[in-house]
Amino acid sequence: MVDAVAPVKGPCGRPGRPRKRPAKLHLDKAYDYPRCRQALRRRGITPRIARRGIESSQRLGRHRFVVERSLAWLVGYRRLQVRYERRADILLGFLFLACALICLKAEGRSSVGP
């Protein structure tokens with residue numbers, strides 16, 4: 001799954017090629033295995049994994065909340081929660097529509113004022 005990550009775009013004017021993968025990856029305790037850590041290091045990614053039985057996963061919660069909140073917003077559109085569509089292009093269309101509606105709602109909340 002890490003190999004399928006789209007290229008990371010850095011700030012303009014930065015010398016060199018853009019990174020193909022993220023610099024670090026935050027994971028929970030379920031991925032605390034030496035093979036997972038080694039696989040990430042081979043790809044040039046710094047693993048940020050809470051160790052089982054040693055560290056609390058509270059520090060990782062700050063980063064995971066953003067992803068889980070975004071997925072929860074998408075699950076709010078029931079058609080995306082259970083995949084009714086057989087064709088991937090139709091499902092992708094509904095996904096884009098749901099993302100557009102989520103952005104529209106967020107924009108409406110942020111522009112409240114005089």
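Tutor: Start with burial: a residue is buried when its relative accessible area is under 20%, exposed when over 50%, and partly exposed in between. By that rule D32 and R37 are both buried. Keep in mind that this is a predicted model.

Student: What makes R37 buried?
Tutor: Its relative accessible area is 16%. The cut-off is under 20%. Therefore R37 counts as buried.

Student: Where is R37, and what does R37 touch?
Tutor: R37 sits in helix α1. Leaving out residues up to four places away in sequence, R37 touches D32, P47, I49 and R51.

Student: Why is the pair D32 and R37 called a salt bridge?
Tutor: The rule asks for a side-chain nitrogen of Lys or Arg within 4 Å of a carboxyl oxygen of Asp or Glu. The N to O distance between the side chains of D32 and R37 is 2.9 Å. That is within 4 Å, so the pair qualifies.

Student: How many salt bridges does the structure hold?
Tutor: There are 2. R87 and D89 also meet through their side chains, at 2.7 Å from N to O.

Student: Is D89 buried, exposed or partly exposed, and why?
Tutor: D89 has a relative accessible area of 47%.

Student: Turn to L74. How do you know whether L74 is buried or exposed?
Tutor: L74 has 18% relative accessibility. The limit is under 20%, so L74 counts as buried. L74 lies in helix α2.

Student: Which residues does L74 touch?
Tutor: L80, L95, A98, C99 and I102, with residues up to four places away in sequence not counted. Take C99: it is 25 residues from L74 along the chain, yet their C-alpha atoms are separated by 7.4 Å.

Student: How much of the chain is buried?
Tutor: Buried residues make up 13% of the 114 residues.

Student: What is the secondary structure of the chain?
Tutor: It comes to 4 helices and 2 strands. Along the sequence the pattern reads β-α-β-α-α-α.

Student: Where is confidence lowest, and where is it highest?
Tutor: Helix α2, residues 58-75, is lowest, at a mean pLDDT of 70. Helix α1 is highest, at 88. The chain averages 76, and 75% of the residues score at least 70.

Student: Now the largest pocket. How much space lies in it?
Tutor: About 350 Å³. Its lining includes M1, V2, D3, Y31, C36 and R43.

Student: Which elements supply at least two residues each to that lining?
Tutor: β1 (24-27) and α1 (34-42) do. α1 gives the most, with 3 residues.

Key. Residues are numbered from 1 along each chain as its sequence is written. This is a predicted model: local features need pLDDT of at least 70, side-chain atom pairs count only at pLDDT 80 or more; totals for chains, interfaces and linings use all residues. Side-chain values use heavy atoms; hydrogens and water are left out. On a 1 Å grid over the protein atoms alone, a cavity is a set of points where a 1.4 Å probe fits but cannot get out, and a pocket is an open set with protein on both sides within 12 Å along at least five of seven lines; lining residues have an atom within 4 Å of a point. Grid points are joined across faces, edges and corners, and a volume is the space filled by probe spheres set on the points. Buried means under 20% relative accessible area, exposed over 50%, partly exposed in between (1.4 Å probe, protein chains only). pLDDT is the predictor's confidence in each residue, from 0 to 100. Contact means heavy atoms within 4.5 Å.
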